[in-house]
Amino acid sequence: MSRQFPSDSVGIIKPQTAHFDEELTLRSGKSLNGFDLVFETYGELNSSKSNAILICHALSGDHHAAGYHSESDAKSGWWDTCIGPGKAIDTNHFFVVSLNNLGGCAGSTGPASIDPTTGKYFGPDFPVVTVRDWVNSQAMLSDKLGIQKWAAVVGGSLGGMQVMRWAISYPERIEHAICIAAAPKLSAQNIAFNEVARQSITNDANFHGGRYLDANTYPKQGLMLARMVGHITYLSDSAMGSKFGKDSTLFDPSGDKFGRDLRSGTLSFGFDVDFQVESYLQYQGERFSENFDANTYLLMTKALDYFDPAIDFGGDLSRAFEQASCKFLIMSFSTDWRFPPARSREIVEHLLKAKKDISYLEIDADQGHDSFLLPIPRYIDGFKSYLARVFEELSSDAA
Amino acid sequence: MRPDLEIIQNWITPKSRVLDLGCGDGSLLNYLKLKKNVNGIGLEINAKDIQSCIAKGVNVIEQNIDEGLTNFQSNSFDTVLLAQTLQASSKPDLLIDEILRIGEHGIITFPNFGNWKSRLSLASNGRMPVSKFMPHNWYDTPNIHFCTVKDFDALCVEKNVRILARTVVDSQHQGNWAMKAWPNFLGEIAIYHITKNS
């Protein structure tokens, strides 16, 4: 019997691969001689090819944003909350394209791919890619798909940074920019967290200078630790509190409830896991380390650190935004402390200075940075109404 | 169209840049966009109103006016609107300064507390007036800085603000000759078009 997916799911999706023979010169000056991008599409492209939306993924995301890969697939794509028939990014209206970025580890050419010139894994020899390089490669994918102009380019976090880069670098190819829980560049604190993550990976005994795949191993502990640190920054204090901060009913030394969410009825008085939050983080880290390439993680954090679109304009972000001709929707979440509302407000301020069409939503949400992945009613409503409006514009343009 | 909005739109130049402080559900900006092709942006804090703006395709920024407008450049708008919001702002005098810093012109509307109904209500009942257009009790009203037409005129003199036009309407947003003659007594809503005195 075939599995029934929810009616607002895009159902089973088959990833596709686009191969590019042409050379791509990167921001670093290095170049890639041909590469693959793996991507998925949802919905139908209209005859004028005007209803396409590009999804840009964040640090650990990939092309699998919505639907399922098989009947037995337990987990849907990472942004299934927002992509599907009748959802915010409505696949009844839009043709949605989601890719795995260059340097990724889910099928696009990256450090875990074989370098055709050597026949070995790229590993640490894979060039450092930047947000700009990603957007250039995404533009090449657009050409291949025959999409001259995106109705919208959409992304959260590092994905939102790609959205800004699209607006600045390809003004004629983007109608709307939707940038969620992002920042115009990283703060010193953001970079510091990334550096802890990188150090934990590169100092793992199994890292082998990045050539761990040649040694048939991987830096599991380092990647776990990197993810654990990252994961803490994605959640808010209150989100962690409501998940793990409940008084324990298991341990009762004096008749009063003791402590927070103990795993077992007793304290270990050692350094093993006592609290639920510890085992949760370890579980998250472990699962991640089994599915993600360490070199890709290093690359992605560097792309974050290097992002600064103002750099070509003497540090003036508003001059960078002056290049853009699209309309903007910026959204942030109250408890996000990785890229807090103040960072989105910076984007808003410079867009105003550049006299752009802009809407900004600052959504009250307990879930921290991760909010952009979650079904928060006000967020989804605003997102959905905005895109419904974009679709109306498309329809009236066509009429 | 509501008569007060009809009056306001007469003061707006086609294709100009308009900032609407406390834009509500975006009706006015939407009307100005359709009728005058203005490039408008609204500020609002009410989630439901913000949602209505987005559904209309009106640019809206979620921002509390009382927390400052420093993110707006000086002289970056042709007109800054403040409709029925002055009396609810924490520092109306500083807000007027900000309006004329950001915009070349300001359009401000507020309920006129000098209206005869308010005066009569206070004089005869000895209690703060509650009416259809000022429906709150003194303790739960968002309107913390009521003023009269005369008060506002005096503030403009004090601040060296030039009044380009002043008109008053009743709560149905209609005006007549008597209101023109006795604005502070008969007018229920005051509408001012102001600019900096150069």
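Here 13 residues of chain B are in contact with 17 residues of chain A, contact meaning C-beta atoms, placed from the backbone, within 7 Å. This is a predicted model, where local features need pLDDT of at least 70, side-chain atom pairs count only at pLDDT 80 or more, and totals for chains, interfaces and linings use all residues. Residues are numbered from 1 along each chain as its sequence is written, while chains are lettered from A and ligands numbered from 1 in the order in which they are written.

**The chain B side**
- Helix 3 (47-56) and strand 3 (60-62) of chain B each bring at least two residues to the side touching chain A; helices (H or I, at least four residues) and strands (E, at least two) are DSSP runs numbered from the N terminus.
- Helix 3 of chain B gives the largest share of that side, five residues.

**Chain A overall**
- Chain A has ten helices and 14 strands.
- Its C-alpha atoms fill a box of roughly 75 × 60 × 50 Å along the principal axes.
- Of the 399 residues of chain A, 49% are buried (20 or more other C-beta atoms within 10 Å of the residue's own; exposed is 12 or fewer, partly exposed is in between; C-beta atoms are placed from the backbone).

**Helix 3 of chain A**
- Buried residues in helix 3 of chain A are A:N194, A:A197, A:S200 and A:I201.
- Down the helix axis these fall within an arc of 120°, so they line one face; the arc is that of the directions from the axis to the C-beta atoms.
- The face turned away from the buried side carries the exposed A:A188, A:Q189, A:A192 and A:E195.
- Helix 4 (220-234) and helix 7 (294-306) of chain A are among what covers the buried residues of helix 3 of chain A.

How values were computed
Contact = placed C-beta atoms within 7 Å.
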